[in-house]
Structure formats: structure tokens, C-alpha cells
Amino acid sequence: MKSELKKYTVAFYNIENLFDIYDDKVTRDNDLLPTASRRWTVKRYHNKIRNLSFTIPNIGKEQTDNPPAIVGLAEVENGAVLNDLIGSKHLEDYNYKYIHYNSPDERGIDVALLYNADVFDVAYSRPYRLELLDERGVQDYTRDILLVSGLLDGLELHVIVNHWPSRRLGEDSSEYKRLMAASKVEEIITELKEKDGNAKIMVMGDFNDDPFSKSITRLVESHNLYNPMDTLFDIDRGTTVHNDNWNLFDQILITPNLFERKKEALRFYKADIFDADFLKQKRGRYEGTPFRTYAGSRYIGGFSDHFPVYVTLTKK
């Protein structure tokens with residue numbers, strides 16, 4: 001009698017500024033308020049929640065017939081928006097919970113982890129601060145790196161969620177920040193391996209770098225990680241577009257022990273970009289690119305300026 005093959009989706013999604021409509025006096029959220037030029041109203045906020053809540057349970061569904069077990073998120077303002085997200089129309093019937101910590105990021109955006117509590121039990125979580133200085137030697141406040149450890153269908157898995165510093169001021173001039181972020185992830189992996197030499201680890205995020213960038217290749221080489229996104233990047237395909245060029249900033253890296261061929265083990269099956277047609281611009285110059293919430297300051301009512309990525313894991 002053949003043993004049953006179970007499949008689970010582990011995903012990452014930069015959801016493009018999921019902010020509530022209220023002013024946070026500590027962070028720079030003034031352009032995402034009802035009174036701002038972008039007019040971030042209750043109606044627009046709820047449309048964004050509805051769009052995201054429709055997308056998330058469909059990521060990887062063709063492979064597993066189920067919503068994702070785990071979804072790393074970037075650009076989340078606070079726990080309140082996550083509560084609204086998991087309680088919304090398309091997600092309320094699933095047992096999603098979340099891990100989130102407020103970070104010192106100046107824009108007020110954080111990373112978070114959604115997980116289906118029916119299949120993933122959280123044992124431990126911790127945010128790691130990224131200590132950066134800008135070109136003037138002044139503290140540069142950015143997103144924390146989030147570690148969540150738990151049991152996926154009874155098997156231990158560690159997930160590290162990232163949103164590395166952007167290229168806003170130039171790719172080369174900001175590269176050192178992403179290299180420092182990569183070094184911090186290397187430290188986290190080292191800590192995990194010191195406690196368990198066979199720790200199964202997934203590193204996911206919007207790295208603001210492509211698979212061949214120095215920060216990613218250095219991280220991959222430091223712990224012999226496997227990057228399944230290497231083969232997905234193409235001149236005509238990626239997860240986000242900048243200056244008319246595709247980038248694959250959103251990636252999921254894994255430790256090689258996720259290829260073990262033994263029973264009762266989590267095993268890598270496939271990876272992909274979730275770029276379903278409903279997530280794409282339908283016409284015009286940007287046809288086929290992510291259907292985003294705003295084009296500059298103009299509201300267009302889409303989903304995000306990034307496509308999600310995902311990995312399918314199996315368990316025999």
C-alpha cells in the first residue's frame with residue numbers, strides 16, 4: 001500500500017503598503033491617510049484587504065488543493081491590519097494566525113508571518129534588529145528580520161522573513177546595507193545550526209536584490225543554501241518591475257536537507273512565482289506587470305506591486 005503524499009505551500013508576499021487609515025505619530029505614514037493627496041480612504045483600504053485575502057488562499061493551490069500553510073509578508077503597518085486581513089471574507093474560514101513585531105522602520109512597515117494553525121504550530125519567534133548607519137554615519141532605521149520556529153505537520157521548520165533595505169538611493173550606494181542584512185541572516189542560521197546541526201531552514205523575503213546579486217550569492221554560499229528562484233528569473237518574468245525591467249527581488253532559499261528522501265521528512269518539491277492573470281495589469285504600457293494599488297500617487301485599485309512567490313513541500 002502506497003503511503004500518502006501530503007503537500008504544503010510556503011509563500012512570501014510583499015503586499016505593498018498595507019496601512020490602516022489612522023495617523024501614526026511615530027512613523028511617516030502621512031501620504032496614506034484619508035486627508036492626504038493619495039486619499040487612502042476606508043473604501044480603498046477595504047478593497048485592498050479584499051484583494052489580498054482573495055490572493056493568499058490561491059497561492060500554490062494548484063499543487064496542494066489547500067491554502068498556504070505559511071505566508072511571510074512584507075510592508076505591514078501593524079497588528080490591526082493583520083487582524084482585518086485574517087478576518088476578511090476569503091480568509092475567515094481558515095484558521096490563520098500571525099506573528100508580528102513592531103520594528104523601528106521610519107516608514108512604519110514591518111514583516112510578519114501568517115500561518116494556518118491547523119498545520120503549523122509556532123514554538124518560538126524573535127525579531128532581529130539590523131543596525132545600520134547611513135552615508136553620514138547616522139542611524140538608519142529599517143525593518144527587523146523575523147525568525148519563527150515551529151512544527152509543520154509535526155516536523156520542525158525554521159522560517160526567516162526579510163525585507164532588506166531598498167535601492168531607492170541607488171543600487172550601488174545602498175548595496176552595503178543589503179550585504180549587512182545578509183550577514184545578519186548568516187548569524188541567525190549559524191545560531192540555529194549550533195542548536196541543531198540538521199535544522200531545516202527557509203529564508204524568504206523581498207531582498208531588493210536579484211538571485212545573482214552579491215548579497216544573495218554570498219548568503220547562499222555561506223551556508224550552502226539552495227536558491228530555487230535562480231531558474232525562474234527571466235528577461236520577461238520576475239516579481240516586480242522597475243524602469244521597465246523585471247526583477248526577482250522576492251525569493252525563498254532553503255537548506256539542502258530539505259531534499260532528504262526519507263519518510264516522515266519535509267522535502268522540497270517545486271518553487272514558482274504566483275503570477276496569475278488576475279494579479280496583472282490588463283492593458284496599456286504596463287500590461288502583464290503586477291496590478292498595483294497606486295501608480296505613483298494615482299489610485300488604480302490593484303493588489304500589490306509585487307507578485308508572491310512560493311515553495312511546495314511534501315511529506316510522505
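These legends go with a set of close-up views of one predicted model.

Before you start, note that residues are numbered from 1 along each chain as its sequence is written, and that side-chain values use heavy atoms, with hydrogens and water left out. Because the model is predicted, local features need pLDDT of at least 70 and side-chain atom pairs count only at pLDDT 80 or more, while totals for chains, interfaces and linings use all residues.

**View A. Helix H5 and its buried residues.** Look along helix H5 (residues 214-222) and you'll find that Ser-215, Ile-216, Leu-219 and Val-220 are buried. (Helices are DSSP runs of H or I with at least four residues, strands are runs of E with at least two, and both are numbered from the N terminus; buried means under 20% relative accessible area, exposed over 50% and partly exposed in between, using a 1.4 Å probe and protein chains only.) These four sit on the same side of H5, because they cover an arc of only 130° around the axis; the arc is taken from the directions from the helix axis to the C-beta atoms. They pack against helix H4 (171-195), strand S10 (201-206) and strand S13 (250-254), where contact means heavy atoms within 4.5 Å. Just after H5 comes Asn-224, with a positive phi of about 55°.

**View B. Trp-40 and Tyr-294, a tilted pair.** Their ring centres are 6.1 Å apart and their planes are at 50°, so the pair counts as tilted. (Rings of Phe, Tyr and Trp, using its six-membered ring, pair if their centres lie within 6.5 Å; planes under 30 degrees apart are stacked, over 60 edge-to-face and the rest tilted.) Trp-40 is in the loop between strand S1 (6-18) and helix H1 (42-55), whereas Tyr-294 is in strand S15 (residues 294-295), 254 residues apart. Both residues are buried.

**View C. Phe-212 and Phe-233, a stacked pair.** Here the centres are 5.7 Å apart and the planes at 20°, so this pair is stacked. Phe-212 counts as exposed because its relative accessibility is 58%, while Phe-233, at 22%, is partly exposed.

**View D. Asp-305 in its loop.** Asp-305 lies between strand S16 (298-299) and strand S17 (309-315). Its relative accessible area is 16%, so Asp-305 is buried. Among the residues Asp-305 touches are Asn-14, Thr-239 and Arg-292.

Methods:
Lists of a residue's contacts leave out its neighbours within four places in sequence.
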